[in-house]
Amino acid sequence: MVLTSGAHRVDTGKVAAHLGIAELSRASAEFVRAHTGQAIGGVAPLGHPAPIRTLIDETLADQPEIWAAAGHPHTVFPTTFQELVAATGAEAVAVN
């Protein structure tokens, strides 16, 4: 999972290179639901049935507050970069 600002686009080539894999693409809605239990458009960064490797856009560290999806397309919660990293075990990387 890649956590980034809605204003940014993930460079899948850059992220694939970071992960040491040949290519990376967006997950299908079915894949997302199967691995998170949540629908795309509202996937929370935590609370999944099993741990998910998570990367977080390092530019989010510049924001004093981050609003993250809360498991439903119409719900969000306030947090900070440091709280998200601590709660998810995310690795901060350049994703765009």
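Here is a short chat about the fold of this predicted model and one of its residues, Thr79.

Trainee: What should I know about numbering and cut-offs?
Mentor: Residues are numbered from 1 along each chain as its sequence is written. This is a predicted model, where local features need pLDDT of at least 70, side-chain atom pairs count only at pLDDT 80 or more, and totals for chains, interfaces and linings use all residues.

Trainee: Which pattern does the chain follow along the sequence?
Mentor: Take helices (H or I, at least four residues) and strands (E, at least two) as DSSP runs, numbered from the N terminus. There are three helices and five strands in the chain. Read in order, they give β-α-α-β-β-β-α-β.

Trainee: Why does the radius of gyration agree with a compact globule?
Mentor: That radius is taken over C-alpha atoms, and the globule rule is 2.2 Å times the number of residues to the power 0.38. For 96 residues the rule lands near 12 Å, so the chain agrees with its 13 Å.

Trainee: Is Thr79 buried or exposed?
Mentor: Thr79 sits in strand β4, residues 76-79. Buried means under 20% relative accessible area, exposed over 50%, and partly exposed in between (1.4 Å probe, protein chains only). Thr79 has 7% relative accessibility, so it counts as buried.

Trainee: Which side chain makes a polar contact with the side chain of Thr79?
Mentor: A polar contact is a pair of N or O atoms within 3.5 Å; within protein, one must be able to donate a hydrogen and the other to accept it, and residues adjacent in sequence count only if both atoms are side-chain atoms. At 2.9 Å, the partner of Thr79 is Glu83.

Key
Side-chain values use heavy atoms; hydrogens and water are left out.
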